[in-house]
Amino acid sequence: MGEALTDRLDRAIAAREHDLVTLTRDLIRIPTLNPPGDNYREICEFLERRLGASGFACEFVRAFDTPGDSDRYPRWNLIARRDGPRPGPCVHFNSHIDVVEVGQGWTTDPFGGELKDGRVYGRGSCDMKGGLAASIIAAEAFLEVCPDHAGAVEISATADEESGGFGGVAYLAEKGWFNPERVQHVIIPEPLNKDHICLGHRGVWWAEIETRGEIAHGSMPFLGDCAVRHMGAVISAMEADLFPALARKRTAMPVIPPGARQSTLNINSVHGGQAEPGDGYTGLPSPVVPDSCRMVIDRRFLIEESIEDVEAEISGLLEGLRATRPDFDYSLRELHRVLPTMTDRDAPVVATVARAILQVFGHEPHYVVSPGTYDQKHIDRIGKLKNCIAYGPGILELAHKPDEYVGVADMLDSARVMGRGLIDLLGNG
Ligand SMILES: [Zn+2]
């Protein structure tokens, strides 16, 4: 990486500060709420105009028949590619275009893109339109200083990350867009802080446990069998044995925050007996012994654990109750699974971004792993592409909060890191 080239890159990025801020604000002003999946086509068309003018060939891909896709809310994705004049690898920046609901507590307009004290405010500013904008500025500055680069730069803008990524990266991966023959390096500019490299995420196992009883009149509960009491026994067993056992399982994954460096289980919901009365219903409930109780659990597991062990832990607990508790009957149903993933620290894209962070900030990167999953899961599992990280500006703790913002200086700094990554991978030879 020549000294002069990185100096020119830095100048090209600094000259684009106003452009970066405007681009970020423009992206925030297209409200891409998910659910339901608003304005995906609009934001893709906006990006096509922008990237097309910068020499990218753009393709629109609708993820037909994925969850949420309809003619009213089509799941549009954009893939923009700029091939250099010489062969070489493809470096791909993947950003999700969807944002979560606004929620309460805002003091700024969530879709106004207000600029105040060096911060751009709005829903999705941090997660992750600021990262998308930074990657576009980095790519455009790189193309200015390295017009005869090797290989290709790709930028994708994808749908539905916040709801699982099925209409976005998962769909594209299934259609071959992330095949290792066409894409070699992937950077996902999620807000993990500008001097952090996120190597991957913990695993997820969602399941539903149902306990069963027998319906009877509430005045004679001894004539029935209360499914909620059986579920109480499940929760007691979890409290006595499972939660302490999970807390003892520690991981070598550098998960942030450190509280997530162990196995965790969230009881997502418990529903037993009569449904909640609808709004406006003023009557009393009727006296019935509940014959069914359902619990959804959200188990996050470590790279040191197998999903078979995770399942066996729960079914073992339930079988233990069946053996000891009279009339205990249950079913267990998996809802969703994602295996943990962690890219090697010596993978090429990690080494490249680490060198760039060292150059820009003067210290080694912090290597981290996300407690929850993001689209890397699909690139790894469906795309079979391991050379993938999350790296981008923004403070993770601000994601999904009121008055979400991204710092302009942070976007500029991470654009310098991304641009150096492009020079390192595509600028030489
Ligand atoms: Zn995100």
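Student: What angle do helix 2 and helix 4 pack at?
Tutor: About 140°, with their axes 9 Å apart. Keep in mind that this is a predicted model. That angle makes helix 2 oblique to helix 4.

Student: And is their crossing left-handed or right-handed?
Tutor: The crossing of helix 2 and helix 4 is right-handed.

Student: Which residues meet there?
Tutor: From helix 2 you have Asp-19, Leu-20, Leu-23, Thr-24, Leu-27 and Ile-28. In helix 4 they meet Ser-125, Lys-129, Gly-130, Leu-132, Ala-133, Ile-136 and Ile-137. By class, this contact of helix 2 with helix 4 has eight nonpolar, three polar and two charged residues.

Student: OK, how does helix 2 sit against helix 10?
Tutor: Helix 2 (residues 17-28) packs on helix 10 (residues 408-427) at about 110°, and their axes are 11 Å apart. So helix 2 is roughly perpendicular to helix 10. This crossing is right-handed.

Student: Who touches whom in that one?
Tutor: Glu-17, Leu-20, Val-21 and Thr-24 in helix 2 meet Val-408, Met-411 and Leu-412 in helix 10. That contact divides into five nonpolar, one polar and one charged residues.

Student: Switching to strands: in what order do the three strands of the open sheet come?
Tutor: The order is 4-5-16, with antiparallel pairing. Strand 4 (115-116) and strand 16 (405-407) are at the edges with a single partner strand each, so one side of each has no neighbour in the sheet.

Student: What holds strands together in general?
Tutor: Strands of a sheet pair through backbone hydrogen bonds. Here, strand 4 and strand 5 (residues 119-121) pair over two bridges. Leu-115, for instance, has Val-120 in strand 5 as its bridge partner.

Student: Which strands does helix 4 touch?
Tutor: Helix 4 (residues 125-145) packs on the sheet and touches strand 5 and strand 16, making about 40° with the direction of strand 16. Helix 10 also lies across strand 5 and strand 16, but runs at about 60° to strand 16.

Student: New topic! Where is Gly-383, and is it buried or exposed?
Tutor: Gly-383 is in the loop between helix 9 (376-381) and strand 15 (388-390). Gly-383 counts as buried because 23 other C-beta atoms lie within 10 Å, and the cut-off for buried is 20 or more.

Student: What does Gly-383 touch?
Tutor: Leaving out residues up to four places away in sequence, Gly-383 touches Ala-173, Phe-178, Asn-179 and His-378. Gly-383 and Asn-179 are 204 residues apart along the chain, yet their C-alpha atoms are separated by 5.3 Å.

Methods
Residues are numbered from 1 along each chain as its sequence is written. This is a predicted model: local features need pLDDT of at least 70, side-chain atom pairs count only at pLDDT 80 or more; totals for chains, interfaces and linings use all residues. Axes are lines fitted to C-alpha atoms, for helices over the stretch in contact, and angles run from 0 to 180 degrees between N-to-C directions. Helices (H or I, at least four residues) and strands (E, at least two) are DSSP runs, numbered from the N terminus. Angles under 35 degrees count as roughly parallel, over 145 as roughly antiparallel, 65 to 115 as roughly perpendicular and the rest as oblique. A crossing is left-handed if the near helix is turned anticlockwise from the far one by less than a right angle, and right-handed if clockwise. Two residues are in contact if their C-beta atoms, placed from the backbone, lie within 7 Å. Ala, Val, Leu, Ile, Met, Phe, Trp, Tyr, Cys and Pro count as nonpolar, Asp, Glu, Lys and Arg as charged, and the others, Gly among them, as polar. Two strands pair if DSSP finds at least two bridges between them. A residue is buried if 20 or more other C-beta atoms lie within 10 Å of its own, exposed if 12 or fewer, and partly exposed in between; C-beta atoms are placed from the backbone.
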